[in-house]
Amino acid sequence: MNLALFSPGLLLAIAVTLTALSLWLLLPRGSESRPVWWLGWLLGAVALAGFVCAGKRLGGIGEEAVFLTVSLVTIVSGTATIVSRSPVYSAIWFALTLAGVAGVLLVLGAQFLGVATIVVYAGAILVMFLFVLMLAQPSGLASYDRVSSEPLLSAVAGAVLLGLLTLSIGRLSVGPATPEALALASVASDSPTAPAGAAAIDSLEENHVARLGGELFGRHLLAVEAAGVLLLVALIGSIAIVSRGEPDATDNRLALPPATATKQPQGVPR
Amino acid sequence: MENISPSTLLMLVPLLPLAGAILTLLFGKALGSRAHLPAIAGIAGAALGSLVLLVGTSLEVGVAAGVHAEPVRPVEMITPLWQWATVENAYTPAADTQAAIPGTPLSATTHEARPFSITVALRLDPLTATMLAIITCVGLLVAIYSIGYMHHDPGYPRFFSLFALFVFSMTMLVAASNFLIVYVFWEAVGACSYLLIGFWFHKPEAARAAKKAFLVNRIGDFGLAVAVFLLWMSYGTLDFHDTLSANGTIVPGILGQTRLADAGGYQLSDAAGFAGGTIGTVICLLLLLAACGKSAQVPLHVWLPDAMEGPTPASALIHAATMVTAGVYLVTRCAPLFVAYPGALVMVSIVGATTAMIAALIATVQNDLKRVLAYSTISQLGYMFASLGTGTLLGFTAAIFHLLTHAFFKALLFLGAGSVMHSMGGVIDMRRFGGLRRVMPITAATFLCGACALAGVAPFAGFFSKDEILATLHSKAWPEAHGNHQQESPAAGHANTEMSRLMPTALISSAGTAPVGSPSGNAASVKDGLNSLNRPDVWRVLFLMSLVTAGLTAFYTFRAVFMTFTGPVCVPEEAGHSVHESPPVMTLPLVLLAAASVVSGWVLWSTDWLAHFLSATPSLTFAAVAQTAVAPVFHLNLAIQGTLAAAIGIVIAAIGHLGRRSDGPQMERFLGPFGTLFANQFWFDQLYSGLIIKPFMLLATLAAIIDRSVIDGLVECVARVPLAIGGLLRQLQSGMLQRYALAGVMGVLLMVLALAWQLRS
Amino acid sequence: MTPLPLLQNALTVGAILFALGLVGILTRRNLIVMFLSAELMLQGISVSLVAWSRFHGDWGGQILVIFVLTVAACEAALALVFVLQAFARTGRLDAAAWQSLRESSLSRVVDQELPSIDTLPQVWPTLSPAGVLPQADENEPLQREHV
């Protein structure tokens, strides 16, 4: 099959269709059949390949092994998150997705954020989800985990969205240089090793965390404070809602009968 | 009093009853049992005024006339009231409608555009004066009678206001000098008749009868309306009298002096593609249709017997003396129009004589006293039409003479029947009472006077008028026996020789002699067909029919008299214990009318005053009519024939119903199958019901169905569209949150797609 | 990698994650999985922001991601509180349990009957002490079959 015959638009269209189809096959629809499951994954893989080819045709997508691996892991585990029949499996797959995302962020040079994703998301938020699952899980596979709400339309919507996004991403190109970029480039052009624009790539990696912190608490101090307040409000809010919602446990504990106030025994040594 | 001008008096004659009607309407409830006062006062004033006008006009005629042999000068007085409508340049006579302005040579420039203008004008001429006197005097007597008759009725004030309103409408009808105004009041008397027939509207039969009367009259009104349209088209004006146009030229009225003086003034030419004379014949036939509707001639007679559901005084005034004579008045007024078209004229007589006979036959088997009188009215009106259709001066004056005497004795008979009904507790079936002459002597005596007048017993009034009618019919049937004033029997549509002597040659070629192979085929042959009926043998048949009808009239009248007033006294239970003579307020009019029935005929005939007086009416001074004037002569042979017929009728009635046999049904058994035919009124009602009413009901039902399902359905469909759309949209509100989110996402995607499509390049 | 392709790759990954998360929210009825999908969308956003930040050499993207992280944490906490409240009311973690917003003339959406899952795994027997015949108690489940 000579892919050169296919125009990028056609490839994109095929990829979108296959994505929609594979998602639809994978989503829980009430009937569990192994062949459908494998077909869905196969089509998804083909669709992904189609996206990659379309992206190559549209623009230039370079090849980087690490990035590719990490991206694949992320995407596959992301798909598995949403199609798993069991919510616990979804949570586990989500953890893997987070690992993949952290890898992508590291490849992009955002070291702090990569680690922060693991720590905050996988460490705190995901654990919270698992706690809630433990408290609220159904016995056995619930019926509502085995069916989806409008799987076909949603799969189509998601696929079309993806196609649009890919199209617009693929059409990206470097525009004419802005004055700031030129100034930056002229500064950077003093250093002999950096080509035009390459200075931008290195400017974030050097002394990354310190500079990130400096930027955060420098220019965005107010936002940081607001975020802190937000966290406080969320904390208080969640406790307030929970405590109002349960009528028995806390109230009973507070309603002590007055007659049983215990006296200090006499023989307590001082 | 002497300083009141005739114009003012002429205006007062209709206005006083109108004022009475309005006052009764406003204050009737407050006046209570005296609610009759305004109406009676108004009608009495009108009666006085019309008598004064009658006297004045007759003096004027006396001054104008000389010896009989000279043509009588027309006497008329026009009182314009106001201009009702004016449309400038509404009518331009076609270049060859010479009937538009008679006597002027053919030229386009002489026929300038005229305005459509209706002047409400009152006229006073002998015919109008006579009619006014009859209407108001008889109306006054009947109104006085109604004081007693309607005494206990809860609708007492309403009755009198309607009564006075009717008198106003009728007087305006006979005094109007414009065809459109006549039409207006033609409808007005129809409306008053409807209101009076349906006076007791809670009774379903009365409501139905009123509706029937109005609808049948409507058919006649349609004829009158179309006739008015055609008259406007042909003559360019609707006035009877001559008027002056804006630039001083005389616009000749349809019955004005200018046109009447011209013998060819009514010959309409081949304008607008009609064959010569067709449009004139059509106009006359339509006027005849209108007269049939109002005067209850066949085939529009079906409403009059049912109209007896109304109160008896209303029947007496409207359906005996005045409203039904409007048709006779109209034909007499339009005498020149009819005489110019002999075909239409002979149709008038045929219709009249046929109606007279049919109605008389039906009346012989009626058991309801008022029904007998109703059919008798139809029959006598038929007599008047038969007389009008002869087209001679004697014919017209005899018809009006009979109208006058008929007004007296028929009103008398109706009031007498009302008196009987009043004391019999509402029962009017003759088989249920008898021998009432011992109980109600005055009523019986006056009723007998009226019956003799109706039957044509000499020297009562009816004898003379009926004799004159028979005379004029005889003169048409046996023209050679009547000397030198006949119209010869025309061949194939040819006008008579006297007329041809008077008309210019140009008109003869265009008007009468339409050759058999004329290009305008059908219409000419219809006219010729009608004209061909104007033969002596047709007239002979009509004469014989009238004679037989005279005998039948006497029969059924005296059958009614014998069944009601002779024999053993028999009173139905509804009468209770109040069987007595009517109070004086009711018997006084009876006596007065009886006196009139007795003497009026003899007086008017012996002095020949009425005929002489009426001959001064402008319409009757038309050459073709005035030429036929004869010296008043007593036709002994006709008198003998008439009296013989009446005597035979009375004797047969006596054999069947006098005395002890007064409740016997012998005559009905004698008639056999004919009796069924007559008793079912020749099945006219059933025929109309099947032919006309049922299809209309079907059409109405169909229209109702279409209205309900199609039209309302369409409207409902328009309403159902939003409902349907809402029903569809409602499905979106499922309560499933994820579907809502999906809808949002798809909406965003659509917008983005649209944007991307726009920006693709 | 040259800047633009790296940007495009990363943006593509972010887009894919976002689309997957969107499909997950729209489709799955389990409230927990719905929120997991929402977090997946946020991950995709984070990747895209960082990619842009790297491309432009601007700190703004990464700062924004930090705040996204913060807000996501707060949101997750409160969301799970609400999920627990919802579970307390209806006894199930089903998004379709809440249909009170529907039009009054429509009827409740009820799942069709699903084919039963008869994939009960075998219960592996445990060894009793030596010499003693195993006493198997039918009523006692030895392990959870499903989570």
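Student: Where does B:P299 lie, and what makes the peptide bond from B:V298 to B:P299 cis or trans?

Tutor: This is a predicted model, and in it B:P299 belongs to the loop between helix 8 and helix 9 (303-306) of chain B. The bond from B:V298 to B:P299 has omega near 5 degrees and is cis. Just after helix 8 of chain B, B:A296 takes a positive phi of about 55 degrees.

Student: How do you know whether the length of helix 8 of chain B agrees with 1.5 Å a residue?

Tutor: Helix 8 covers residues 278-295 of chain B, 18 residues in number, which should span 26 Å. The expected span is 1.5 Å times one less than the number of residues. The end C-alpha atoms of helix 8 of chain B are 25 Å apart, so the two values agree.

Student: What makes helix 8 of chain B largely enclosed by the rest of the structure?

Tutor: A residue is buried if 20 or more other C-beta atoms lie within 10 Å of its own. In helix 8 of chain B, 18 of the 18 residues are buried, and therefore the helix is largely enclosed.

Student: Which residues have the most contacts inside the largest nonpolar core?

Tutor: They are B:L287, B:L288, B:F338 and B:A411, in a core of 231 residues. Helix 15 (residues 393-423) of chain B gives the most to this core, with 19 residues. Another core, of 95 residues, lies apart from the largest one and has A:L11, A:L161, C:I25 and C:L36 among its residues.

Student: Why is A:E150 called partly exposed?

Tutor: Partly exposed residues fall between the limit of 12 or fewer neighbours for exposed and that of 20 or more for buried. A:E150 has 18 C-beta neighbours inside 10 Å, so it counts as partly exposed. A:E150 is placed in the loop between helix 6 (143-146) and helix 7 (151-170) of chain A. Its phi is near 55 degrees, a positive value in a residue other than glycine.

Student: What makes B:F682 partly exposed?

Tutor: The count for B:F682 is 15 C-beta neighbours inside 10 Å, and therefore B:F682 is partly exposed. The loop between helix 27 (673-679) and helix 28 (684-730) of chain B holds B:F682, whose phi is near 60 degrees, positive although the residue is not glycine.

Student: How many other C-beta atoms within 10 Å does B:W84 have, and what is it called on that basis?

Tutor: B:W84 has 14 such atoms, so it is partly exposed. B:W84 sits in strand 1 (residues 77-91) of chain B. B:W84 and B:T119 are 35 residues apart in sequence, while their C-alpha atoms are 5.6 Å apart. With neighbours within four places in sequence left aside, B:W84 is in contact with B:I118, B:T119 and B:V120.

Student: How many residues of chain C are in contact with chain A, and what is their class?

Tutor: Two residues are in contact if their C-beta atoms lie within 7 Å. By that criterion, 70 residues of chain C are in contact with 87 residues of chain A. Helix 3 of chain C gives the most to this side, with 21 residues. By class, the side of chain C that touches chain A has 48 nonpolar, 15 polar and 7 charged residues.

Student: How many residues of chain C are in contact with chain B?

Tutor: There, 14 residues of chain C are in contact with 11 residues of chain B. The side of chain C that touches chain B has 9 nonpolar, 3 polar and 2 charged residues.

Student: What is the mean pLDDT of chain B, and where does pLDDT stay under 50?

Tutor: The mean for chain B is 83, and 85% of its residues reach 70 or more. Over residues 270-275 of chain B the pLDDT stays under 50, and the model has 14 contacts beyond four places in sequence for them. Residues 484-522 of chain B are also below 50, with 54 contacts beyond near neighbours in sequence. Where pLDDT is low, the predicted coordinates should not be read in detail.

Terms used:
Residues numbered from 1 in each chain as written. Chains lettered and ligands numbered in written order. Predicted model: local features only at pLDDT ≥ 70, side-chain atom pairs only at ≥ 80, totals over all residues. Helix = DSSP H or I, 4+ residues; strand = E, 2+ residues; numbered from the N terminus. Nonpolar A, V, L, I, M, F, W, Y, C, P; charged D, E, K, R; others polar. Core = buried A, V, L, I, M, F, W, Y, C linked by C-beta atoms within 7 Å. pLDDT = per-residue confidence, 0-100.
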